[in-house]
Amino acid sequence: AAKAAGKNRVAVFDYTLRAERLHHSEIAAGLRRALAAGEFSLAYQPVVDLATGGIHAVEALLRWTPAGGRSIPPDVFIPVAEDTGLIVDIGWWALEQACAEAKRWHERHGIAVTVNVSGRQLRERTFRETVMEILTRHALPRNALTLEVTESMLLATGPAETQRIVGILADLRAHGVRIALDDFGTGYSSLAYLRTLPVDILKIDRSFTTPLTGADHRQARAFTKAIVELAASLGLSTVVEGVESVEQAGVLQRMGCPLAQGYLFSPPIPPREVDDLLRATPWRHAA
Ligand code: C2E
Ligand code: MG
Ligand code: MG
Ligand code: MG
């Protein structure tokens, strides 16, 4: 009986694996056509200054709606785009589009645009040149762009490659482009290591935000406060991600956290709605 059950389990496992592969190859096929078919767009989510309630920047987030189909979330298609290498072209499309769309917002309101970069894209030999070239082509000041990277991207390929990439980020920074460390707290996050990375902004992951108002909130708040203060003492700014309640925003504001992002302020929205948001009054309910 045990053997039969074991066999069954294997069969079920195989089936799931095959279904996943099919899913993966369908997504890959769709992605191959998506750029040329104009199926990508960017949504923007404001990064809010907690002291003033004003918009400090907007984060560009990729959206994919296959023709005649439903939108597929980035958490589903980005890993496939990474596996197939398609993320490189898609990533350059996103940076190009973000710079084009954000130029007006920067000119009128002085806000920056922050763009996610993938590990594959970051390891491209021409990464630095391509970023600079896109900025020049759109006549966007370098300090109007922030690139979001993660620690795992920097650590993925061994010390020599890490050093090469750190050098490239440092060089971009020296030219005025800002670097943000995304999803901070989910990876290997060594606080000591932070000192050596060429970053300007820490983005504290959403998994730290919910506990701020949960049962263990004392410990959660002490922890977040320590990160915010350490970052400040290193000259870094902090964005807390996933702020969904007025209470969370208040807690963060009182601990001196400068910036926040989340559904409380706005979900990611299409570019034309960003214009309306930028004209509207700042958020007051965070006070
Ligand atoms: P991320 O860069 O950490 O982006 C934040 C994610 O959290 C976004 O999901 C955003 O919609 C979501 N979010 C924002 N506020 C809240 C909140 O209050 N509550 C909750 N529950 N979620 C919130 P999204 O747009 O689905 O993107 C997921 C991830 O996909 C991003 O995480 C980023 O890693 C990746 N991604 C998105 N666009 C790009 C891109 O152009 N290039 C690359 N390489 N990756 C991208
Ligand atoms: Mg991000
Ligand atoms: Mg994040
Ligand atoms: Mg991320």
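Helices (DSSP runs of H or I, at least four residues) and strands (E, at least two) are numbered from the N terminus. This is a predicted model, in which local features need pLDDT of at least 70, side-chain atom pairs count only at pLDDT 80 or more, and totals for chains, interfaces and linings use all residues. The chain has 11 helices and eight strands. Two magnesium ions, ligand 2 and ligand 3, lie 4.2 Å apart, and aspartate 182 coordinates both. Residues are numbered from 1 along each chain as its sequence is written, chains are lettered from A and ligands numbered from 1 in the order in which they are written, and side-chain values use heavy atoms, with hydrogens and water left out.

**Confidence**

- pLDDT is the predictor's confidence in each residue, from 0 to 100.
- The chain has a mean pLDDT of 90, and 90% of its residues reach 70 or more.
- The model scores ipTM 0.98 and pTM 0.92.
- Contact means heavy atoms within 4.5 Å.
- Where pLDDT is low, the predicted coordinates should not be read in detail.

**The chain as a whole**

- Of the 287 residues in the chain, 45% are buried. Buried means under 20% relative accessible area, exposed over 50%, and partly exposed in between (1.4 Å probe, protein chains only).
- Among contacts with a separation of 6 or more, 69% join residues 24 or more positions apart.
- The chain exposes about 14600 Å², and carbon and sulfur atoms supply 55% of that. Accessible areas come from the Shrake-Rupley method with a 1.4 Å probe; for residues, only the protein chains shown count as cover.

**Magnesium ion, ligand 2**

- Its protein donors are Glu59 (OE), Asn116 (OD1), Glu148 (OE) and Asp182 (OD), at 2.0 to 2.3 Å. Donors are N, O and S atoms within 2.8 Å of the metal (3.2 Å for Na, K and Ca); water is not among the atoms, so sites may look incomplete.
- Along the chain, these donors follow the spacing E-x56-N-x31-E-x33-D.
- Distant parts of the chain are linked here: glutamate 59 sits in strand 2 (residues 55-64) and glutamate 148 in strand 4 (residues 145-149), 89 residues apart.
- Glutamate 59 and glutamate 148 are buried.

**Magnesium ion, ligand 3**

- Asp182 (OD), Asp183 (OD), Glu241 (OE) and Glu241 (OE) are its protein donors, lying 2.1 to 2.4 Å away.
- The donor residues are spaced D-D-x57-E in sequence.
- Aspartate 182 is in strand 5 (residues 178-184), while glutamate 241 is in the loop between strand 7 (237-240) and helix 10 (246-254), 59 residues apart.
- Both of these residues, aspartate 182 and glutamate 241, are buried.

**Ligand 1**

- Ligand 1 is surrounded by 23 residues, the closest being Arg63, Asn116, Asp182, Glu244 and Tyr263. A residue counts as near if one of its heavy atoms lies within 4 Å.
- Arginine 63 places a polar side-chain atom 2.8 Å from an oxygen atom of ligand 1.
- Arginine 206 has a polar side-chain atom 3.1 Å from a nitrogen atom of ligand 1.
- A polar backbone atom of tyrosine 263 is 2.8 Å from an oxygen atom of ligand 1.
- Taken alone, ligand 1 exposes 800 Å², and the protein buries 84% of that.

**Helix 10**

- Gln248, Ala249, Gly250, Val251 and Leu252 are buried in helix 10.
- Their cover includes helix 9 (217-233) and strand 7.
- Glycine 256 follows helix 10 and has a positive phi, near 85 degrees.

Definitions and conventions:
Polar contact = N/O pair within 3.5 Å; in protein donor to acceptor, adjacent residues only side chain to side chain.
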